[in-house]
Each structure stands twice: as structure tokens, then as C-alpha cells.
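Biologist: I am new to this structure. Please show it to me, and then let us go through it in short questions.

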Amino acid sequence: MGKLTLELSLSLYLSSVNEGIRQMLKISELAGRIGLSAHTIRFYEKHGLIEASERSDSGYRLYSAADVNRAEFVKTARNIGFSLEDIAQLLSIRLDRSSHSCQEVTDITRNKLHEVNRKMAELEAMQKVLSRLLDNCDGGLENATHCSILEVLDNGGLATTGRVN
């Protein structure tokens, strides 16, 4: 009976070890799970945003469930528009929440919103200029010898106000 118990215990132990190994993901599996390329994950690793928990005996990066969560956090923050530097700061706060204030996160987010608003204003100005260029163009099928858009661009006819001179 002792031998059977030992064999069962060993079998259960090996089964749990194997299950733990299966829970670790290779980079391609992580990439597939979170919808990023392996190249992007390596890029984030290079910048210190993601790190593999372990390496296999053959040198493969192995990612734990916590690594998957961190990678998803980075992906989400990046999709919202946070810079790599912003994400590094957010991750630092995330790892040690008790030593940081919510105000720090709010400040990072507010700065990003101001940046987005500034870019939107720039895009709106560009949109107006492009619309004016098109409004002043007959867009015919003749050759572009007298193309009004090319003439304005050649002559530097775009003032900072977005007016076509």
C-alpha cells in the first residue's frame, strides 16, 4: 500500500508540474492570445514594459498569467494613445499603488488628453486647408501644367491660418 501511495503522490506531483508548465506561454502563444505580434512584444520587452517570467531550457521566453495581464495592460494603454514613457510610469504606479496617488495617474491621463486635443486641432486645420485647396481646384482631366494645388504648394501659398493665397 505504501508503494501505491508513493506512486500516486508522484503521479499527482508530476501532473501538477506539467500543468504549471502548460500555463506558461511562449511568445507566439502570448502574441496570439492578446493580438500583438511577437515582434511588438519583443519591442515592448526592449523598452522594459514587458518581461518574460522565465526562459525554457532551450531559451524560449515563457510568460505567466501575470505577464499576460501586464502585456494586455500595455496593449490597452498603447491603443488609447499613451506613449511608452507614459506606460512605463503607469506600470510603475500599478506595481506599487500604495506609494502613489490616483492624482499621478490623473495627471498622466490629463496630459495625454491635452496632447490629443492639440493634435485634433492640428488635424482640423489641415482638413480646412485641404478642403480649400480642393474648393479652388477644378480637378479636370487635362494635364497638371496649371494645377492650382501644385501652384499653391510650389509658391508656399499656405499661410499659417490655412488660407490659400
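Modeller: This is a predicted model. Start with Ala 77, which has a relative accessible area of 7%. The cut-off for buried is under 20%. So Ala 77 is buried.

Biologist: In which helix is the place of Ala 77?

Modeller: Ala 77 is a buried residue. Its place is in helix 4.

Biologist: Leaving aside neighbours within four places in sequence, which residues is Ala 77 in contact with?

Modeller: Ala 77 and Ile 87 are 10 residues apart in sequence. Their C-alpha atoms are 6.6 Å apart in space. With the neighbours within four places left aside, the contacts of Ala 77 are Phe 82 and Ile 87.

Biologist: Which elements give two or more residues to the largest nonpolar core?

Modeller: The largest nonpolar core has 22 residues. Among those with the most contacts inside it are Leu 49, Val 74 and Ile 87. Nonpolar side chains tend to be buried together in soluble globular proteins. The elements that give two or more residues to this core are helix 2, helix 3, helix 4 and helix 5.

Biologist: Which residues is Leu 49 in contact with, leaving aside its neighbours within four places in sequence?

Modeller: Leu 49 is one of the residues with the most contacts inside the largest nonpolar core. Leave aside its neighbours within four places in sequence, and Leu 49 is in contact with Tyr 44, Arg 70, Val 74, Leu 84, Ile 87, Ala 88 and Leu 91.

Biologist: Is Glu 45 buried or exposed?

Modeller: Glu 45 is found in helix 3. Beyond its neighbours within four places in sequence, its contacts include Arg 61 and Tyr 63. Its relative accessibility is 17%, so Glu 45 counts as buried.

Biologist: And Ala 66, buried or exposed?

Modeller: Ala 66 lies in helix 4. Its C-alpha atom is separated by 8.8 Å from that of Ser 53, 13 residues apart along the chain. The cut-off for exposed is over 50%. At 53% relative accessibility, Ala 66 therefore counts as exposed.

Biologist: How are helix 2 and helix 3 set to each other?

Modeller: Their axes come within 9 Å and cross at roughly 105°. Angles of 65 to 115 degrees count as roughly perpendicular. Helix 2 and helix 3 are therefore roughly perpendicular.

Biologist: How do the residues of the contact of helix 2 with helix 3 divide?

Modeller: Ile 27, Leu 30 and Ala 31 come from helix 2. They meet Ala 38, Ile 41 and Arg 42 in helix 3. The division is five nonpolar, no polar and one charged.

Biologist: Is helix 5 roughly parallel or antiparallel to helix 6?

Modeller: Helix 5 covers residues 84–95, and helix 6 covers residues 102–135. Their axes come within 10 Å and cross at roughly 165°. That angle makes helix 5 roughly antiparallel to helix 6.

Biologist: Which residues of helix 6 do those of helix 5 meet?

Modeller: Helix 5 passes helix 6 in a left-handed crossing. Asp 86, Gln 89, Leu 90 and Ile 93 are the residues on the helix 5 side. In helix 6 they meet Glu 104, Val 105, Ile 108 and Lys 112.

Biologist: Which pattern does the protein follow, read along the sequence?

Modeller: The protein has seven helices and two strands. Buried residues make up 21% of its 165 residues. Read along the sequence, the pattern is α-α-α-β-β-α-α-α-α.

Terms used: Residues numbered from 1 in each chain as written. Predicted model: local features only at pLDDT ≥ 70, side-chain atom pairs only at ≥ 80, totals over all residues. Heavy atoms only, no water. Axes fitted to C-alpha atoms, helices over the stretch in contact; angles between N-to-C directions. Helix = DSSP H or I, 4+ residues; strand = E, 2+ residues; numbered from the N terminus. Parallel < 35°, antiparallel > 145°, perpendicular 65-115°, else oblique. Left-handed = near helix turned anticlockwise from the far one by under 90°. Contact = heavy atoms within 4.5 Å. Core = buried A, V, L, I, M, F, W, Y, C linked by side-chain atoms within 4.5 Å. Buried < 20%, exposed > 50% of the residue type's maximum accessible area, 1.4 Å probe, protein only. Nonpolar A, V, L, I, M, F, W, Y, C, P; charged D, E, K, R; others polar.
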